[in-house]
Amino acid sequence: MAVDLLLGLQWGDEGKGKIVDVLTKKYNLISRFQGGPNAGHTLIFDGHKHVLHTIPSGIFHKEAINVVGNGVVIDPVIFNNEIEGLSKFDVDFKKVLLISRKAHLILPTHRLLDAASEKAKGKDKIGSTLKGIGPTYMDKTGRNGMRVGDLELDNWKEIFEKLTQKHLKMIEFYDVELDYDLDDLRTCFFNSVEKLKELTFIDSEEYLHQAIKADKKILAEGAQGSLLDVDFGTYPFVTSSNTTAAGACTGLGVAPNQIGEVYGIFKAYTTRVGSGPFPTELFDEDGATMAKVGHEFGATTGRPRRCGWLDMVALKYACQVNGVTQLNMMKADVLSGFDTLKVCTAYEYKGEVIKHFPYNIEPENVKPIYTELKGWQADLTEMTSKDQFPQELNDYVTFIEQETGIKISIVSVGPDRKQTILM
Ligand code: IMP
């Protein structure tokens, strides 16, 4: 099998970027298959912190090729800022960063439409990152979108203008106040497109097909998390792409029988940014401690993340939908110091006890039922081997492995590359 998948199993921000970075040395090629600059993959090494939004997390490894697949949506302005931010790393972007011609482009007016739609929703807003993700995928499925390959056509500015004019009419429909200067936005977009055109555009499905035939090792890097999947997440409080395993097939053009390992990444507790139901959310000291110790602020928007106990019902659901073969538990260090840890192992759902993830997990329908485990006090951040783990952490790991039926192969005990314990 040539393509392994790495996916988030919760509401995003599980620490996928760190694990891709740790695993990259095993792979020739890292590819993103969905989402766009709504993602914020944080990597910390050599004392520096880097946040990637659209560029795959293999970019810091000299030998790895990074592919932005057809399922990704690209904002040229953000993409170029990201590249400029990496200028000190001496990366030959033209050689190691390849972009699918079939990837869709986020236009400035997609971002305006996102803002208008959220404003019009008022208190029912999704809590979008406002990067234009939803409107761009709407244009894709509505067959109106503009793709990276269009930039190679002589008339790409006409295509841009036609779509922009359509968007401006749609913005009027929302009847909300938006402050913007279209000429500025257009100039900035055009300048960024010229920079983007200096990179290499490819027919990525063919490129990947040839790479598989040549026995290259490929890692597909998911963005967001399974509970934000447009089909299987907490709809409508989701993103607009398939964040689950199937999304890797459509977002790269890779057949299901070519998928090998599926790494499922989850935090030892749960976080969520933006609106939407969250059964194990904490509004007390414990939640505040997780937020503080875990530095739970969105990597893309800086918004505070909501925190709560591990939700096993949701985790098992995500393992099932994705066919997870190995689990990686992140941020175990953040749970040090709690006397008791709670794990939600069932829901009280409309008066019944259920163990599956139902259609609707709004608070009026769902109450978490907890199993309690003993916490640990030791600081894990300096530990370098699982032999140093406190017994209570081993028990927590075993409990999760028994509930999910899947082995935990990595426990992360801090943000740095080095703070990664192989199990
Ligand atoms: P959008 O994809 O930016 O429209 O956001 C839709 C929902 O997904 C909002 O609740 C966002 O906060 C959430 N979201 C989008 N991207 C991420 C991410 O990378 N991490 C965590 N949440 C995300």
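A polar contact is a pair of N or O atoms within 3.5 Å. Keep that cut-off in mind for the first stop. The model is predicted.

**Stop 1: the start of helix H11**

Select Asp 311. This residue caps the N-terminal end of H11. One of the side-chain oxygens of Asp 311 sits 3.1 Å from the backbone nitrogen of Val 313.

Now extend the selection to residues 312-322, which form helix H11. How many of the 11 residues of H11 are buried? The count is 8, so the helix is largely enclosed by the rest of the structure. Color the buried positions: Met 312, Val 313, Ala 314, Leu 315, Tyr 317, Ala 318, Cys 319 and Asn 322. Then step just past the helix to Gly 323. Its phi is positive, about 65 degrees.

**Stop 2: the whole chain**

Zoom out. The chain carries 12 helices and 20 strands. Its radius of gyration is 21 Å, close to the 22 Å that the globule rule gives for 423 residues, so the chain is as compact as a globular protein of that length. Along the principal axes, the C-alpha trace spans about 65 × 50 × 40 Å.

Switch to a surface view. The chain exposes about 18400 Å², and carbon and sulfur atoms supply 51% of that area. Of the 423 residues, 57% are buried.

**Stop 3: the ligand**

Which residues are closest? They are Asn 38, Ser 128, Thr 129, Thr 239 and Val 273, out of 16 residues that surround the ligand. The shell divides into 6 nonpolar, 8 polar and 2 charged residues.

- Asn 38: 3.0 Å.
- Ser 128: 2.9 Å.
- Thr 129: 2.5 Å.

Now look at the ligand surface. Taken alone, the ligand exposes 470 Å², and the protein buries 96% of that.

**Stop 4: Gln 224**

Stay with Asn 38 and follow its side chain to Gln 224. A polar contact of 3.0 Å joins the two side chains. Gln 224 lies in the loop between strand S10 (218-221) and helix H9 (245-252). Is Gln 224 buried or exposed? Its relative accessibility is 9%, so Gln 224 counts as buried.

Show the neighbors of Gln 224. Leaving out residues up to four places away in sequence, Gln 224 touches Gly 8, Gly 12, Glu 14, Lys 16, Gln 34, Gly 35, Asn 38, Ala 39, Thr 239, Ser 241 and Thr 243. Thr 239 is in that set, and Thr 239 is also among the closest residues to the ligand.

Gln 224 has a positive phi of about 55 degrees, although it is not a glycine. Most residues other than glycine have a negative phi, and most peptide bonds are trans.

**Stop 5**

Select Tyr 235 and Pro 236. A cis peptide bond joins them, with omega about 5 degrees. Pro 236 is in the loop between S10 and H9.

Jump to Asp 46. Here again phi is positive, about 50 degrees, and the residue is not a glycine. Asp 46 sits in the loop between strand S3 (41-45) and strand S4 (48-52). Asp 46 is exposed, with a relative accessible area of 66%.

**Stop 6: Val 72**

Finish at Val 72, in the loop between strand S5 (65-68) and strand S6 (73-74). At 0% relative accessibility, Val 72 counts as buried. Which residues does Val 72 touch, not counting those up to four places away in sequence? They are Arg 32, Phe 33, Gln 34, Gly 35, Gly 36, Thr 54, Ala 103, His 104 and Tyr 137.

Last, draw a line from Val 72 to Arg 32. The two are 40 residues apart in sequence, and their C-alpha atoms are 6.9 Å apart in space.

How values were computed: Residues are numbered from 1 along each chain as its sequence is written. This is a predicted model: local features need pLDDT of at least 70, side-chain atom pairs count only at pLDDT 80 or more; totals for chains, interfaces and linings use all residues. Side-chain values use heavy atoms; hydrogens and water are left out. A residue is near a molecule or strand if one of its heavy atoms lies within 4 Å of it. A polar contact is a pair of N or O atoms within 3.5 Å; within protein, one must be able to donate a hydrogen and the other to accept it, and residues adjacent in sequence count only if both atoms are side-chain atoms. Accessible areas come from the Shrake-Rupley method with a 1.4 Å probe; for residues, only the protein chains shown count as cover. Ala, Val, Leu, Ile, Met, Phe, Trp, Tyr, Cys and Pro count as nonpolar, Asp, Glu, Lys and Arg as charged, and the others, Gly among them, as polar. Helices (H or I, at least four residues) and strands (E, at least two) are DSSP runs, numbered from the N terminus. The radius of gyration is taken over C-alpha atoms; the globule rule is 2.2 Å times the number of residues to the power 0.38. Buried means under 20% relative accessible area, exposed over 50%, partly exposed in between (1.4 Å probe, protein chains only). Contact means heavy atoms within 4.5 Å.
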